[in-house]
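I opened my notebook to go through this model one look-up at a time. The plan is simple: pick a spot, look, and write down what is there.

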Amino acid sequence: MTTPTDNMRVNGARLWDSLEDMAKIGPGVRGGCNRQTLTDADAEGRALFKAWGEAAGMTLGIDKIGTMFLTRPGTDPDALPVYVGSHLDTQPTGGRYDGVLGVLGALEVVRSLNDLGVKTKHPIVVVNWTNEEGGRFAPAMLASGVFAGVHSLDYAYSRKDLDGKVFGDELKRIGWLGEEEVGARKMHAYFEYHIEQGPILEAENKQIGVVTHCQGLWWLEFTLTGKEAHTGSTPMNMRVNAGLAMARIFELVQKVAMDSQPNAVGGVGQVKFSPNSRNVLPGTVVFTVDIRSPEQEKLDRMRALIEAEAPKLCDPLGVKCSVEVVGHFDPVTFDPTLVSRVRSVTEKLGYSHMNIISGAGHDACWAAKVAPATMIMCPCVDGLSHNEDEKITPEWAAAGADVLLHAVLETAEIVA
C-alpha cells in the first residue's frame, strides 16, 4: 500500500547549493576547507547555519559547549524530538562534505517538509556538534561525549591546542558559548548522514551504506623525552634521540595492526618535534597513535601490546616514554530498529545499498549511549575524506538525503 508521502524527495539542487555556499567559509588551499573548531571561520559557518535554520522556521538553542540545536516543532508538545545532524568543523586540510553533509542534509529534510506542508508528531532537531573532528582539540567528538556523560564539561573546557590555546577560552572568544546544560535534552532517536566509509560504496557501486556498527578506538598520546643535541657534532653512540625512538614505535604500531588482521587498523597522524630545527636532534617528541577495531577484545589487546612494548624500544636509547589516553570509545552496535528502518526506506526508494561498519568515529557513537541511533553513508570518490580532494556527486548527496528524509519521517510520525 502506498501513501502520498512515498514519492517525496528532497530538493537536491538546494542541498548542493548549500554545501557550496558553506564551503566558501574557511576555504582550504586547493578546493577544500580549513574551518577548524572554535576559529573565526567556525564562528562564521555557525552564523550562516543559524540564519538558514531560522529562515526555515526553526528556533535555536545553544548549550554550554557550543553545540547548536535548531528545532522544528511537532504537533505533540510531550513527544520527544528526533535529532538529526553532524558537525560543521573540519580538519586543517579537510574536504567540503565530511560532517557538513550531515548537518545540511538534515536542514534540507526540514526545508523539504516545509515545502510539502508535512507535519510530524515529534519535533525534529537539526544538530551541529562542537569539535567532532578533534583536529585542533583532542579528543574528537568532544561535545557529544560531554552530552553523553563520557567527559565532564570542565575536562572539555581545559583542552588545549598545539599552540596552548584553551578550549573554554576560545569558545567564549568566538561568541558561541550557550547557556543550556549539556546533556539536559532527551532524544527519541538520532540519525547521522556521513561520507566517511572509505572506498567501499564506490567500489561496490552502491548508493547507500546502511551502518550497522562503528569501530572502537584508542588514541594514545606518547611523549618521548631525549636530549637536544647538534646533529652534526654529536657522535651517533652518544645521542639520546627521541626521534629515533618515535620511528621505532611507528614500526611497532604497524606490526601490531598487521598482526591483528582482519578488522584492525593502526597509525599515526600527528607529530610535534621540539625544537623542530633542521640541525637539532629533538629533545621532546609528542605524537598520537590511533588504533581501531570493531572487536572489543582485539582493540584492547592492541593497546596493551603497544603500551607494553614501546618503553622496551625507548630504554636502550636512553629515551623516557610516557603515554596518556586522549581519546577512546568502545565498538558501537547501532539500534536494530533504526538500522532496519534505514534499510527498508532505501529499498522503498529504489536505491542500491549494502551494510557498512564505520571505520571512523562519529557523534552518533556517543549519541547511541543515550538514545536509539544509527547512521547513513554516502559514497565518496576514491574513498577520500580528511583530504581537500574529497569529492561526492550531487546525485549521491541527494540519494542519501532522500533516505534520511524518509527514515526521519517514519520515526517522527507523519500527522495526516
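Entry 1: I began with Asn131, which sits in the loop between β5 and α4. I am working with a predicted model. Asn131 is not a glycine, yet its phi is positive, near 55 degrees. I stayed in this loop and moved on to Pro139, which also lies between β5 and α4. The peptide bond leading from Ala138 to Pro139 is cis, and I noted an omega near 5 degrees. Glu133 belongs to the loop between β5 (124-128) and α4 (142-147) too. I marked Glu133 for the next entry.

**Entry 2: the annotated sites.** Next I checked the UniProt record. An unreviewed entry there gives Asp98, Glu133 and His386 as "binding site".

I then looked up where His87 sits: it is in the loop between β3 (82-86) and α3.

**Entry 3: another cis bond.** I went looking further along the chain. Gln261 and Pro262 are joined by a cis peptide bond, with omega about 0 degrees. Pro262 is in the loop that runs between α8 (242-259) and β10 (265-274).

**Entry 4: salt bridges.** How many salt bridges does the rule count? I got 22. I picked one to look at, the pair Arg14 and Asp115, whose side chains meet at 2.8 Å, N to O. Arg14 is in helix α1 (residues 12-23) and Asp115 is in helix α3 (residues 100-116).

**Entry 5: two domains.** I turned to the whole chain. It divides into domain 1 (12-214 + 331-415) and domain 2 (216-329). I noted that domain 1 is written as two stretches of the chain. The centres of the two domains, taken over C-alpha atoms, are 32 Å apart. In the contact I counted 17 residues from domain 1 and 14 residues from domain 2.

The UniProt record, again an unreviewed entry, lists residues 215-312 as "domain: Peptidase M20 dimerisation". I checked that stretch: 36% of residues 215-312 is helix and 35% is strand. The C-alpha atoms at its ends are 29 Å apart.

Entry 6: The size of an interface is often given as the accessible area lost when the parts come together. For domain 1 and domain 2 I have about 1,100 Å² buried, with carbon and sulfur atoms giving 65%.

Then I looked for charged and polar links. Between domain 1 and domain 2 I found 0 salt bridges. The rule does find 2 residue pairs in polar contact across this interface. On the side of domain 1 that touches domain 2, I listed 12 nonpolar, 4 polar and 1 charged residues.

Terms used
Residues numbered from 1 in each chain as written. Predicted model: local features only at pLDDT ≥ 70, side-chain atom pairs only at ≥ 80, totals over all residues. Heavy atoms only, no water. Domains from an automatic or database assignment. Contact = heavy atoms within 4.5 Å. Buried area = accessible area lost by both parts, 1.4 Å probe. Salt bridge = Lys/Arg side-chain N within 4 Å of Asp/Glu carboxyl O. Polar contact = N/O pair within 3.5 Å; in protein donor to acceptor, adjacent residues only side chain to side chain. Nonpolar A, V, L, I, M, F, W, Y, C, P; charged D, E, K, R; others polar. UniProt positions renumbered as here; feature names shortened; annotations may be inferred. Helix = DSSP H or I, 4+ residues; strand = E, 2+ residues; numbered from the N terminus.
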